[in-house]
Amino acid sequence: MTTTVQTLGRKQIDRALRDALARVYLAAYGDAVLPESVLDAENFAEATLRRHSRRAGFRLVVSVTAGEVSGYGYGFTGKRGQFWSDWLAGAVPADIVETWVGDHFELVDMVVDPAYRGLGIGGLLHDHLVDGLPQERALLATVPGQGAAPHLYEGRGWQVVAADIDGAKALYGLDLRQDRH
Ligand SMILES: CC(C)(COP(=O)(O)OP(=O)(O)OC[C@H]1O[C@@H](n2cnc3c(N)ncnc32)[C@H](O)[C@@H]1OP(=O)(O)O)[C@@H](O)C(=O)NCCC(=O)NCCS
């Protein structure tokens, strides 16, 4: 199966793409027979993504496999004054905040439809998402351990910069300056 990945900005998100992203979100995080899961997926595509897409530095990557959207990832420039940056500032030690939080690339989520996992699509999405980013550092939160997400990120240079920030989640950072000369 061939997969292609496109990097998109806010203006390239149309109705069909929004519906496709909601479908992947639902397949990954919900249960299609539960009305609350369907609402949650709609809320992601119609409200959360719309709000995030207006932020500076917004970048969306979308994978297409066998003619259908198989996954996506996105982020934007995180700044103090935004909810997550300000929340982090109270949740992690001051020296970490000083170094990492503010004007970072905030990797909000990366999701592959369960029907297409384990084929390298997550890795492809990640590499397109971070390729050539102008920020100096990137941040994300995920559950560390043996799962696919920490394996993917740790294999691509991300390191835990603060453990236990949000329940089981850790704050991961990636120094984007390391490959620039
Ligand atoms: C994390 C996720 C995007 C990975 O997508 P994927 O297309 O299956 O990932 P890939 O096939 O590219 O695999 C990436 C790496 O993880 C490894 N991996 C895949 N599935 C794994 C599993 N179940 N357990 C451990 N490692 C796994 C692969 O071997 C690969 O390692 P490599 O780069 O060293 O070869 C996918 O599992 C997902 O959508 N999870 C739910 C959403 C989520 O948690 N996203 C992250 C939030 S920040």
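## Exercises on a predicted chain

Strand β6 (residues 159–166) pairs with strand β7 (residues 169–175) in the antiparallel sense, over 4 bridges. Strands pair here if DSSP finds at least two bridges between them. Strands (E, at least two residues) and helices (H or I, at least four) are DSSP runs, numbered from the N terminus.

This is a predicted model: local features need pLDDT of at least 70, side-chain atom pairs count only at pLDDT 80 or more, and totals for chains, interfaces and linings use all residues. Residues are numbered from 1 along each chain as its sequence is written.

**Exercise 1.** Work out which residue of β7 is the bridge partner of alanine 162, and which glycine in the hairpin takes a positive phi.

*Solution.* Start with the bridge. Alanine 162 has leucine 171 as its partner in β7. Then take the turn. The hairpin of β6 and β7 has 2 residues between the strands. Glycine 167 takes a positive phi there, near 65°.

**Exercise 2.** Give the strand order of the sheet and explain what is left open at its edges.

*Solution.* First, the order: 7 strands form an open sheet, β1-β2-β3-β4-β5-β7-β6, with mixed pairing. Second, the edges. β1 (3–8) and β6 each have a single partner strand, so one side of each is left without a neighbour in the sheet. Neighbouring strands are turned by 25° against each other on average, direction ignored. The axes behind this angle are lines fitted to C-alpha atoms. β3 (residues 68–78) and β4 pair in the antiparallel sense over 8 bridges. Glycine 73 stands opposite methionine 110 in β4.

**Exercise 3.** Identify the residues that come nearest to the ligand and the elements that supply its shell.

*Solution.* Of the 21 residues around the ligand (C-beta atom, placed from the backbone, within 6 Å), Arg117, Gly122, Gly123, Ala148 and His151 come nearest. β4 (104–112), α5 (121–130), β5 (137–142) and α6 (148–154) give two or more residues each to the shell.

Technical notes: Axes are lines fitted to C-alpha atoms, for helices over the stretch in contact, and angles run from 0 to 180 degrees between N-to-C directions.
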